[in-house]
Amino acid sequence: MHRLIKEKLPRHLAIIMDGNGRWAERRSLDRIAGHQQGAESVRDIVRASRRIGIPYLTLFAFSSENWNRPPGEVEALMLLLKNYLSSELPEMLDNGIRLLAIGDLNRLPKDVLSTLNETIKQTSQATAMTLSLALSYGGRDDILQAIRRIMINCREGTLAPEEVDEKLFSKYLWTASLPDPDLLIRTSGEMRISNFFLWQLAYTEIYVTPTLWPDFNREELIQALLSYQERERRFGLTSEQIKTGDR
Ligand code: IPE
Ligand code: IPE
Ligand code: MG
C-alpha cells in the first residue's frame, strides 16, 4: 500500500496546522467554515497516525498569539475544540489514544477547560498513542514558565543552579512527558515556526507543504513520512560517523 518502514517512523510527529482561513477565503466562505473543515482534517490525521503506528502526535491548534484574533473567531475556535473533544472521546477510548494538553491552559474558557480535563482523565490509561494538543501555547511562554519554576525551586533550596542542564530543563517544560519531535510538518507553505516549540525543535526534521490544512489528508501525511525516512539525521556528526556507527 505505502512504502513506509515501520522501524523508521518518527516517534514524535508535531504538526503546525495552518491555512484554514485561506481555504475558506478561496471558496468565498467565512473563516470559521475553514476551521470547521480543519477539524475534519484533525479527525482524519489522528486516525491515520494511530493506524500507521506513530507513538506521539502533537497538534498546534491555538497559539498564545491567536488570542488576539477577532473575538468571534476565537469563540468559534473554542466551541469547535469543545465539540471535537466530546465527539471524539469514544473513538479515543476505542483506539487507545491518550489525550494531553500543553500550553497556558488557564486562559481557556472554563467550560472548555473542564471538558478538556475530563477527556484527559478518561483517556489517561490508554497506551497506543499519545495525542497532545498545543492550546494557548507559545514556545517563549513555555521557556519562561520553566525558568520561573526553576528559580522558585532554587530559592526554596530544592534545586541548585549547577544542576540545571538540558535534561533537567526539559523536565520543567510543558512537554516534560514527551520526547523531542522527530518530524515537524507545517501546512500552507509558511516557512516559519510561529512561536511553536522553540527548545524542542533543536534537531527536528522539518517538512513544509503548500497544501492548506483542510486539504491535508492521509496520502499527504504518508508523503511527509516518506520524505522523513529518506533523510540522514546527523546531529552534528559527519555522514561517515553516522554510517559506520563510529562515535
Ligand atoms: C490555522 O489556520 C488555525 C489556527 C491558527 C487557529 P489559520 O486560521 O491560521 O489560517 P490562515 O493562515 O489564515 O489561512
Ligand atoms: C500558527 O499559525 C499557529 C497554529 C497553527 C495554531 P498562525 O496562522 O497563527 O501563524 P502566523 O501568524 O501565520 O505566523
Ligand atoms: Mg495561519
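**Notebook: helices and sheet of a predicted model**

Entry 1. I began with the contact of two helices, α2 and α3. On the α2 side I listed R31, I32, H35, Q36, A39, V42, R43, V46 and R47, and these meet G72, E73, A76, L77, L80, Y84, S87, E88 and E91 of α3. I sorted the residues of this contact by type and got eight nonpolar, four polar and six charged. I note here that the model I am reading is predicted.

Entry 2. I then looked up how α2 and α3 lie against each other. For α2 and α3 the angle is about 30 degrees, and the axes are 10 Å apart. Angles under 35 degrees count as roughly parallel, and α2 and α3 are therefore roughly parallel to each other. I wrote down their crossing as right-handed.

Entry 3. I picked out G72, which lies in helix α3.

Entry 4. Next I turned to α3 (residues 71–94) and α4 (residues 110–122), which pack at an angle of about 15 degrees with their axes 10 Å apart. This pair is therefore roughly parallel too, α3 to α4. The crossing of α3 past α4 is left-handed. From α3 I listed M78, L81, K82, L85, L89, M92 and L93; they meet D111, V112, T115, L116, T119 and Q122 of α4. The residues of this contact come to eight nonpolar, three polar and two charged.

Entry 5. I moved on to the sheet. In which order do its six strands stand? I read the order as β3-β4-β2-β1-β5-β6, in an open sheet with parallel pairing. The edges are β3 (97–102) and β6 (205–209); each has a single partner strand, so one side of each has no neighbour in the sheet. On average, neighbouring strands are turned by 20 degrees against each other, direction ignored. Helix α2 (residues 31–52) packs on this sheet and touches β1 (12–16), β2, β3 and β4. The direction of α2 makes about 160 degrees with that of β2.

Entry 6. I went through the strand pairs. As a general point, strands of a sheet pair through backbone hydrogen bonds, either parallel or antiparallel. How many bridges join β2 to β4? I found seven between β2 (residues 56–63) and β4 (residues 129–137), and the two strands run parallel. L59 has L133 in β4 as its bridge partner. Between β3 and β4 there are six bridges, in the parallel sense. Here R98 is partnered by T130 of β4. β5 (residues 183–187) pairs with β6 over five bridges, in the parallel sense. In that pair, L184 has I206 of β6 as its bridge partner.

Entry 7. β3 is mostly covered, with five of its six residues buried. In β6, which side chains point to which face? They alternate along the strand: E205, Y207 and T209 point to one face and are buried.

Technical notes. Residues are numbered from 1 along each chain as its sequence is written. Chains are lettered from A and ligands numbered from 1 in the order in which they are written. This is a predicted model: local features need pLDDT of at least 70, side-chain atom pairs count only at pLDDT 80 or more; totals for chains, interfaces and linings use all residues. Side-chain values use heavy atoms; hydrogens and water are left out. Axes are lines fitted to C-alpha atoms, for helices over the stretch in contact, and angles run from 0 to 180 degrees between N-to-C directions. Helices (H or I, at least four residues) and strands (E, at least two) are DSSP runs, numbered from the N terminus. Angles under 35 degrees count as roughly parallel, over 145 as roughly antiparallel, 65 to 115 as roughly perpendicular and the rest as oblique. A crossing is left-handed if the near helix is turned anticlockwise from the far one by less than a right angle, and right-handed if clockwise. Contact means heavy atoms within 4.5 Å. Ala, Val, Leu, Ile, Met, Phe, Trp, Tyr, Cys and Pro count as nonpolar, Asp, Glu, Lys and Arg as charged, and the others, Gly among them, as polar. Two strands pair if DSSP finds at least two bridges between them. Buried means under 20% relative accessible area, exposed over 50%, partly exposed in between (1.4 Å probe, protein chains only).
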